[in-house]
Amino acid sequence: MDKVNSKGEVIKYEDYSKKSIDLINETDSFKGSGELNPIFVGDLLEIDFQELIPPRINDDNRKREITPFVIIGPDGRAMVNDTTMFPFSAITYITLEWADGSRGTCTGTLIGRDRVLTNGHCVVNAQTQRGIVSATVHPGVSESTAWFGAYNAIDYFVTSNWINTGSISEDYAVLVLAQSNGRHAGDRAGFAGIRQVNNILNQNIGIFGYPGDLIREDEAINQYGMRGNVTNEDSQIAYYTIDTSPGQSGSAMLNTNNQVIGVHSSGYTDRDNNPLFNGGPKMNNFMFEFVSSAIN
């Protein structure tokens, strides 16, 4: 699981792996100074952004299809009323652009002063193996206002396996942000700690982000989310019936202590397109090593 940055440089797994030492299994959270730097971002709604979705894949072994994210039964998502409060302040609306001029949006979560966790498919198209040329991160957006400002990405990290295979188990990436007006995003908005996990079956998680369907309905950029339990898992991926839609790619799985224990990636339907569940990679030891090394 080598690490690749925006320049295509490869950092070998053995060079950043910490398996040879006793490793703590979590990083600290920080609630932020709360210093506001509001920017109106409603004009972004006039740009032809597409909410990014993972590659569509057939899972023949289980007779199901990996597809854009799904609503399961009645929609349980609710709007976050105060995005200046942690952890919602650390949840970011991301706009992205590729070399061909196409644009997209995703969700991310601040996990350090200048680091944001999101999906691999938000920064590198695994089918073309082409990465973004720019990204701007807006923490804590509500009513089309980025309350803590806007921050440009200056680098990113993904796994080489994501680039080569598009595997959902490695559909994660870390953005590196420049300062804005002399401040780091996480200093203002706060950042969530990450926690390594193994078995999280039946654990309660929250998934919050910026769903395109509800943003279009509101005609404003707002944050939505809901909580629910992990209903199934394997060694790499957690599954749940928490409702999501395109635009929420990269939303963190937050435990009850608001630590990041995974990242939402995909939806699953049966072959008749009936929604089954949503899922994404959980913070197992491989993901934790990758993400924690990208923070430092």
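Two strands count as paired if DSSP finds at least two bridges between them, where strands (E, at least two residues) and helices (H or I, at least four) are DSSP runs numbered from the N terminus. With that in mind, select β3, β15 and β14, which form an open sheet of 3 strands in that order with antiparallel pairing. The edge strands are β3 (39-40) and β14 (141-142), each of which pairs on one side only. Between β14 and β15 (residues 145-146), which run antiparallel, there are 2 bridges, and Val141 has Ala146 in β15 as its bridge partner.

Before going further, note that this is a predicted model, in which local features need pLDDT of at least 70 and side-chain atom pairs count only at pLDDT 80 or more, while totals for chains, interfaces and linings use all residues. Residues are numbered from 1 along each chain as its sequence is written, and side-chain values use heavy atoms, with hydrogens and water left out.

**Confidence**

Colour the chain by pLDDT, the predictor's confidence in each residue from 0 to 100: the average is 91, and 93% of the residues score at least 70. Over residues 57-63 the pLDDT is below 50, and this stretch has 13 contacts in the model beyond near neighbours in sequence, a contact being heavy atoms within 4.5 Å. Where pLDDT is low, the predicted coordinates should not be read in detail.

**The disulfide**

Select Cys106 and Cys122 next, which are joined by a disulfide with an S to S distance of 2.0 Å; the term stands for a pair of cysteine sulfur atoms within 2.5 Å. The pair links distant parts of the chain, with Cys106 in strand β9 (residues 103-112) and Cys122 in the loop between β10 (115-118) and β11 (124-125), 16 residues apart. The torsion about the S-S bond is about -90°, so the disulfide is left-handed. Both Cys106 and Cys122 are buried, where buried means under 20% relative accessible area, exposed means over 50%, and partly exposed lies in between (1.4 Å probe, protein chains only). A search of the whole structure finds 1 disulfide.

Move to helix α5 (residues 285-295), which is mostly covered, with 9 of its 11 residues buried; among them are Met287, Phe288, Phe290 and Val291. A nonpolar core is a set of buried Ala, Val, Leu, Ile, Met, Phe, Trp, Tyr and Cys residues joined through side-chain atoms within 4.5 Å. Of the 73 residues in the largest such core, Leu96, Leu117, Val123, Val260, Met283 and Val291 touch the most other members, and α5 gives the most to this core, with 6 residues. Centre the view on Val291, which touches Ile111, Leu117, Val174, Ile194 and Met283 when residues up to four places away in sequence are not counted. A second, separate core of 5 residues includes Ile168, Ile237, Tyr268 and Phe277.

**Aromatic pairs**

Rings of Phe, Tyr and Trp (its six-membered ring) pair if their centres lie within 6.5 Å, with planes under 30 degrees apart counted as stacked, over 60 as edge-to-face and the rest as tilted. The whole structure holds 10 aromatic pairs. In one of them, Tyr13 and Tyr16 have ring centres 5.4 Å apart and planes at 85°, so the pair is edge-to-face. Tyr13 and Tyr16 are 3 residues apart in helix α1 (residues 13-16), separated by about one helical turn.

Tyr239 belongs to strand β20 (residues 237-240) and Tyr268 to strand β23 (residues 266-270), 29 residues apart, and both are buried.

**Backbone details**

Strand β21 (residues 252-254) and strand β22 (residues 260-263) pair in the antiparallel sense over 3 bridges, and Leu254 has Val260 as its bridge partner. The hairpin has 5 residues between these strands, and there Asn258 takes a positive phi near 60°.

Finish in the loops. Asn202, in the loop between α3 (185-189) and β18 (204-209), has a positive phi near 70° and is exposed, with a relative accessible area of 55%. Glu219, in the loop between α4 (212-218) and β19 (224-233), has a positive phi of about 60° and is exposed at 67% relative accessible area. Last, a cis peptide bond joins Phe86 and Pro87, with omega about 10°; Pro87 is in the loop between β7 (78-79) and β8 (91-97).
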